[in-house]
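Subject: Handover of a structure and notes on its contents

Dear colleague,

Please find the structure below, followed by a short account of what was found in it. I would be grateful if you read the account with the model open beside you.

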Amino acid sequence: MCGIVGVVSAAPVNQLIYDALLLLQHRGQDAAGIATLQDRKFFMHKAKGMVRDVFRTRNMRALPGNSGLGQVRYPTAGNAFSEEEAQPFYVNAPFGIVMVHNGNLTNAQSLKADLFSVDHRHINTDSDSEVLLNVLAHELEKTTRGLPLKPADVFAAVCGVNQRIKGSYAVIALIAGHGLLAFRDPHGIRPLCMGRSSDGTVVVASESVALEGTMHYFERDVAPGEAVFVDLQGQVHSEMCAEGAQLNPCIFEFVYLARPDSTMDGMSVYQARLNLGETLAKRVISTVPPNEIDAVIPIPESSRPSATQLAHLLGIPYREGFVKNRYVGRTFIMPGQGVRKKSVRQKLNVITSEFKGRNVLLVDDSIVRGTTSKEIVQMARDAGANKVYMASAAPPVRYPNVYGIDMPTKDELVAHGRTVEEIRQIIGCDALIYQDVEAMKQAVAAARVAGRTTLHGFDASCFDGVYCTGDVSADDIVRINENRLKTEEGDADNSRLSLPNASE
């Protein structure tokens, strides 16, 4: 998952892009980058790290121009340790293009081979985003053939891209001397929206919070399969560039990834999480009598809306029992020291008085590997809890994700091939309650507040094993897992608890 933003304005855009990336920081903390365009020259700065660390005053001064784009990266493929794979990516022909991408291509390896043998283009990294950029460049070259670029040519190129690439992608590209291009995959798996300000500045971003937080009004979501081209005068052109496009957004965005103050594809993220708490309450009642629960305690941060609603409906006190340390950084390994595995206890501390002698219901947004849940349950017991129940606002995560979420292989998923009772025994809680898959889909769909695109369904593949693109086989999953980022003990911790979630 990543956060992307693009801007066309009549004024310098470097500060605006920086501010938007800060608002999207929850979508990626591994690397950040900005590219701007002045006349026909690109200026770029990118590096590993958080936005506030990557960009200093000298870097911002070196990013002139009235149009530009940026990205915050959370790598799910390629090499997490290579600064070369930080985005934006650049290619010099045709015209000169810089691009940022959120998502994951499922046919990147075959495309890479075709680009070399057929299109005669060189890919220098393991990033599927560089593959996507070169496919786009090749298609633009075909549609223009040395002639001046027109919006119709851009849309024809995007049609060609959609026919060649598979997977999930929200893309923003800047074409030197011409304008900003944004497009979304035909299933709308990864989010993308656009807005503008009263002075005519046009902004495209992953989430609406990046628009509203920079004083731009949200205009609409980019539709699945749609391409939007904003020329350097701020004129917006749009066209549908895929046949049979249907909206199937990633449901994990609503469960965990997105900020609660965002609206995505017409659905309020915060309302979706409240709804999940409401449906989860019905599951809790069928498993544990409410009079046997003394307090409902969320596991920070994004489970709070669900836990609040659940506690309200059951008439049980809501309590904060964990305090999250927002300043935990890398564990450094000094010469002569052994590798030390990071503990959840470095990131969370218990408020003992909320646990001692009580039966507590812990609410989390989801349970993935189960190792974090197991340690948190033990922390509650160590703090004196009498009984510890665990509830997940999401169903069991049983299948790998191939569309741009850093989800473990199936063998690492605690729910894969196990019953709820077997999972409960591994986690060590007294009762384990999961959300139902259909109830989750209905809860999120019920959070719809606006939107012109009809919701066809959701990509809930990590919960139900149904891959909405319809072209993912078991062999594909094995191959994609082989290209997954490998992390080692002692490396920076990219677990969910380490992310500065939007609820903070």
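Rings of Phe, Tyr and Trp (for Trp, the six-membered ring) are said to pair if their centres lie within 6.5 Å; planes under 30 degrees apart count as stacked, over 60 as edge-to-face, and the rest as tilted. By this rule the structure holds 8 aromatic pairs.

Before the details, two remarks on the basis of this account. The model is predicted, and local features therefore need pLDDT of at least 70, side-chain atom pairs count only at pLDDT 80 or more, and totals for chains, interfaces and linings use all residues. Residues are numbered from 1 along each chain as its sequence is written, and side-chain values use heavy atoms, with hydrogens and water left out.

Aromatic rings

A pair of aromatic rings is described by the distance of the centres and the angle of the planes. Tyr-169 and Phe-183 form an edge-to-face pair, with 6.2 Å from centre to centre and 70° between the planes. Tyr-169 belongs to strand β7 (residues 167-175) and Phe-183 to strand β8 (residues 179-184), so this pair ties together parts that are 14 residues apart in sequence. Helices (H or I, at least four residues) and strands (E, at least two) are DSSP runs, numbered from the N terminus.

Another edge-to-face pair is made by Phe-254 and Phe-458, at 6.4 Å centre to centre and with 80° between the planes. Phe-254 lies in helix α8 (residues 252-257), whereas Phe-458 lies in the loop between α13 (437-445) and α14 (461-464), so the pair ties together parts that are 204 residues apart in sequence. Phe-254 counts as buried at 1% relative accessibility, and Phe-458 is buried with a relative accessible area of 10%.

Helix α13

The buried residues of α13 are Ala-439, Met-440, Lys-441, Ala-443 and Val-444. They pack against α8, β15 (267-268), α9 (269-285) and α14. At the start of α13, a side-chain oxygen of Asp-436 comes to within 3.2 Å of the backbone nitrogen of Glu-438. This is a polar contact, that is, a pair of N or O atoms within 3.5 Å; within protein, one must be able to donate a hydrogen and the other to accept it, and residues adjacent in sequence count only if both atoms are side-chain atoms.

Strand β2 and its surroundings

Of the 8 residues of β2 (residues 31-38), 7 are buried, so the strand is largely enclosed by the rest of the structure. Two strands pair if DSSP finds at least two bridges between them. β2 pairs with strand β3 (residues 41-48) in the antiparallel sense over 8 bridges, and Gln-38 stands opposite Lys-41 in β3. The two strands form a hairpin with 2 residues between them, and Asp-39 in the turn has a positive phi of about 60°. β2 also pairs with strand β4 (residues 67-73), in the antiparallel sense over 7 bridges.

Which residue of β4 is the bridge partner of Thr-36? The partner is Gly-68. Thr-36 lies in β2 and is buried, with a relative accessible area of 0%. A polar atom of its side chain lies 2.6 Å from the backbone oxygen of Pro-64. Contact means heavy atoms within 4.5 Å. Leaving aside neighbours within four places in sequence, the residues in contact with Thr-36 include Val-13, Phe-43 and Leu-63. Val-13 itself lies in the loop between β1 (2-8) and α1 (14-23) and counts as buried at 0% relative accessibility.

Strand β20

In strand β20 (residues 387-392), 5 of the 6 residues are buried, so this strand too is largely enclosed by the rest of the structure. Strand β19 (residues 359-364) and β20 pair in the parallel sense over 6 bridges, and Leu-361 has Tyr-389 in β20 as its bridge partner. β20 also runs parallel to strand β21 (residues 431-434), to which 4 bridges join it; here Ala-391 stands opposite Ile-433.

With kind regards

Definitions and conventions: Buried means under 20% relative accessible area, exposed over 50%, partly exposed in between (1.4 Å probe, protein chains only).
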